[in-house]
Amino acid sequence: MTEKMVQIKSWADPITGECPVAQTLRTLSGKYGPSILHCLTGGEMHFLELTRAIDGISRKVLTEQLKDFEEYGLIYRSPKNDARRRVGYSLTAKGRALCSILGQLYNWNQANN
């Protein structure tokens, strides 16, 4: 009886050698990352709205996470030209695509726990 060799495709990027899945998980690391993205699935929110919507998040942590998400291309920062100098945050197409995957993870978790 011959054993069949199963080839598993590597998840490593052929150029960098890094795992894109691990990189994505590092992007989402932190206690509030997925919560921030989930809040933005409903549409644009201002900084203060996000602080109120996410229980326990500090302004410092929110600021850092928003900067990271903007750098990764997941959210768009939109300064408003009003007297309060508000800034709106919304998901980019890349951010919406990731939120769709996070929704699938949520569904998987609910079905398997």
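This is a predicted model: local features need pLDDT of at least 70, side-chain atom pairs count only at pLDDT 80 or more; totals for chains, interfaces and linings use all residues.
How many bridges join strand β2 (residues 75-79) and β3, and in which sense do they pair?

**View 1. Strand β2 meets β3.** The two strands pair in the antiparallel sense, over five bridges. To find your place, look for Y76, which stands opposite S90 in β3. As background, strands of a sheet pair through backbone hydrogen bonds, either parallel or antiparallel.

**View 2. The sheet as a whole.** Three strands form an open sheet in the order β1-β3-β2, with antiparallel pairing. β1 and β2 are at the edges and each has a single partner strand, so one side of each lacks a neighbour in the sheet. Helix α2 (residues 33-40) packs on this sheet and touches β1, β2 and β3. The direction of α2 makes about 95° with that of β3. Strand β1 (residues 45-46) pairs with β3 over two bridges, again in the antiparallel sense, and here H46 stands opposite G88.

**View 3. Strand β3 from both faces.** Five of the five residues of β3 (residues 87-91) are buried, so the strand is largely enclosed by the rest of the structure.

**View 4. Inside the largest nonpolar core.** This core has 22 residues, and those touching the most other members are I36, L37, L40, L50, L66, I75 and Y89. Two or more residues come from each of α2, α3 (47-53), α4 (59-71), β3 and α5 (93-112). Among these elements, α2 gives the most, with four residues. For a closer look, pick L50: leaving aside residues up to four places away in sequence, L50 touches C39, L40, M45, L62, L66 and Y89. In soluble globular proteins, nonpolar side chains tend to be buried together.

View 5. With 20 residues, α5 reaches 29 Å from its first C-alpha to its last, close to the 28 Å expected at 1.5 Å a residue. Which residues of α5 are buried? They are G95, L98, C99 and L102. These residues cover an arc of only 105° around the axis, which means that they lie on the same side of α5. What covers them includes α1 (20-27), α2 and β3. On the other side of α5 you can find A93, Q104, W108 and A111, which are exposed.

Definitions and conventions. Residues are numbered from 1 along each chain as its sequence is written. Side-chain values use heavy atoms; hydrogens and water are left out. Buried means under 20% relative accessible area, exposed over 50%, partly exposed in between (1.4 Å probe, protein chains only). Two strands pair if DSSP finds at least two bridges between them. Contact means heavy atoms within 4.5 Å. Axes are lines fitted to C-alpha atoms, for helices over the stretch in contact, and angles run from 0 to 180 degrees between N-to-C directions. A nonpolar core is a set of buried Ala, Val, Leu, Ile, Met, Phe, Trp, Tyr and Cys residues joined through side-chain atoms within 4.5 Å. The expected span of a helix is 1.5 Å times one less than its number of residues. The arc is that of the directions from the helix axis to the C-beta atoms.
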